[in-house]
Amino acid sequence: CRSVPAGGPCPEHEEPLALFCEPCAAPLCALCRVGPEHLQHRVRPADEAARELRVRGGAGQGPGDWEGAGCLRCRGDVKSDDLLVCMTMVSEAQRVQDTFEELQHFLKEQKKILLAQLERVSQELVSRSDEYNSRVLERESLLDTVIAQIQDKREQPELEFLMVRLHRPLGAVTPGEAGNTHVAPSACQGISPELQRSIESLSETSQLVTLDPETASFHLTLSRDHKTVWLGDGRQNLPDTSKRFTGSPSVLGSQGFTSGRHYWELEVGKGESWAVGVALESVLRKDSLSVALGKIWALRLDWDGQYTALHLPPAPLALGEKLQRIRVHLDYEAGQVTFYNAENMTQILQFKASFTEKVFPYFWLWSRETHIQLCD
């Protein structure tokens with residue numbers, strides 16, 4: 001048991017312990033006295049209480065000394081039990097207060113995080129809404145142009161109107177026509193390129209393409225939303241199924257097509273060693289890319305900066321611009337796969353084919369410095 005000198009400093013407020021609380025049997029300072037724990041208790045001067053304790057506890061105590069009281073529990077005074085209970089309650093109250101403050105701090109931090117997330121989502125929704133409205137306005141403008149130019153054609157003399165070849169294919173055949181590849185776009189006679197693209201786009205369906213993780217090579221890594229692919233740091237531990245590419249770093253889109261006209265857009269960044277296009281469902285997946293080319297129609301950028309029409313046989317392309325955003329068009333019935341620079345809608349490549357099975361978007365990547373990202 002320990003004793004507390006009368007008038008000594010309060011351990012909490014560092015004020016003199018000049019008072020004594022009888023119900024709690026505890027010495028107090030002036031600040032303790034006005035606290036909620038002792039405000040309603042009977043409190044006496046400490047020296048007066050000490051004199052009474054000396055009388056009750058025995059003689060031999062010096063003036064102003066609490067040694068005669070000793071530890072009340074050691075003296076058998078029943079008030080020492082009250083003192084222990086009071087100290088326990090004070091400790092428990094402090095613990096509850098600390099817990100409550102920690103909970104308040106946690107809730108404030110969670111509030112900040114949730115508000116930040118809501119702000120990001122709100123900004124993304126606004127951005128997508130603006131982009132959608134912009135595309136709608138652009139389409140309306142193109143449609144107005146189509147209507148105006150068609151009206152002009154209707155007002156031409158009949159002979160002149162019949163001589164306009166609206167259905168001439170866009171583009172010229174390359175010297176290596178054995179590969180059924182078309183490049184170097186040119187406008188049809190009597191019609192502007194913008195009008196031709198507008199007429200073609202009226203029957204096309206924009207596709208929200210995602211990547212199929214079940215077909216992705218062991219060496220490729222997909223984003224959580226399956227819209228971005230990049231070359232990983234090593235071989236991943238994935239099941240080797242019949243769908244998965246193991247002979248080349250390739251991946252297919254999740255949705256295939258057996259009819260109709262479709263298009264999707266993607267970004268390839270500033271890197272090289274990538275290829276994008278379409279592939280048949282029966283494309284060879286356990287062999288190298290060169291073996292599987294017969295069922296792939298794609299545009300590739302090689303490591304040396306050379307663009308190539310990727311089919312059998314591969315044909316180099318002479319492009320005067322660096323591609324970053326590409327639109328891929330598939331016309332299943334016409335057997336056409338066409339590539340455009342999505343930034344200015346210039347045609348850069350067209351394949352002719354004859355499809356008899358399901359066709360999937362196709363992607364190939366072999367460079368850690370770039371990635372392929374599908375656009376909304």
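Let's start with Arg300. Beyond its neighbours within four places in sequence, Arg300 contacts Trp274, Ala275, Leu289, Gln306, Tyr307, Thr308, Leu310 and Trp364. Bear in mind that this is a predicted model.

Where does Arg300 sit? Its place is strand β12, residues 296–301. The side chains of Arg300 and Asp302 are joined by a polar contact of 2.6 Å.

Now to strand β11, residues 274–280. Seven of its seven residues are buried, so the rest of the structure largely encloses β11. The cut-off for buried is under 20% relative accessible area.

Which strands pair with β11? One is β12, through six bridges, and the two run antiparallel. Here Ala279 stands opposite Ile296 of β12. Another is β18, residues 359–365, through seven bridges, again antiparallel. There, Ala275 has Trp364 as its bridge partner. Both Ala275 and Trp364 are on the contact list of Arg300.

Next, Tyr263. This residue belongs to strand β10, residues 261–267. Is Tyr263 buried or exposed? Its relative accessible area is 11%, so Tyr263 is buried. Tyr263 and Ser206 are 57 residues apart along the chain, yet their C-alpha atoms are separated by 5.2 Å.

Last, a record. An unreviewed UniProt entry lists residues 10–46 as "domain: B box-type". In the model, that span is 14% helix and 24% strand. Its end C-alpha atoms lie 13 Å apart.

Conventions
Residues numbered from 1 in each chain as written. Predicted model: local features only at pLDDT ≥ 70, side-chain atom pairs only at ≥ 80, totals over all residues. Heavy atoms only, no water. Helix = DSSP H or I, 4+ residues; strand = E, 2+ residues; numbered from the N terminus. Polar contact = N/O pair within 3.5 Å; in protein donor to acceptor, adjacent residues only side chain to side chain. Contact = heavy atoms within 4.5 Å. UniProt positions renumbered as here; feature names shortened; annotations may be inferred. Buried < 20%, exposed > 50% of the residue type's maximum accessible area, 1.4 Å probe, protein only. Pairing = 2+ DSSP bridges.
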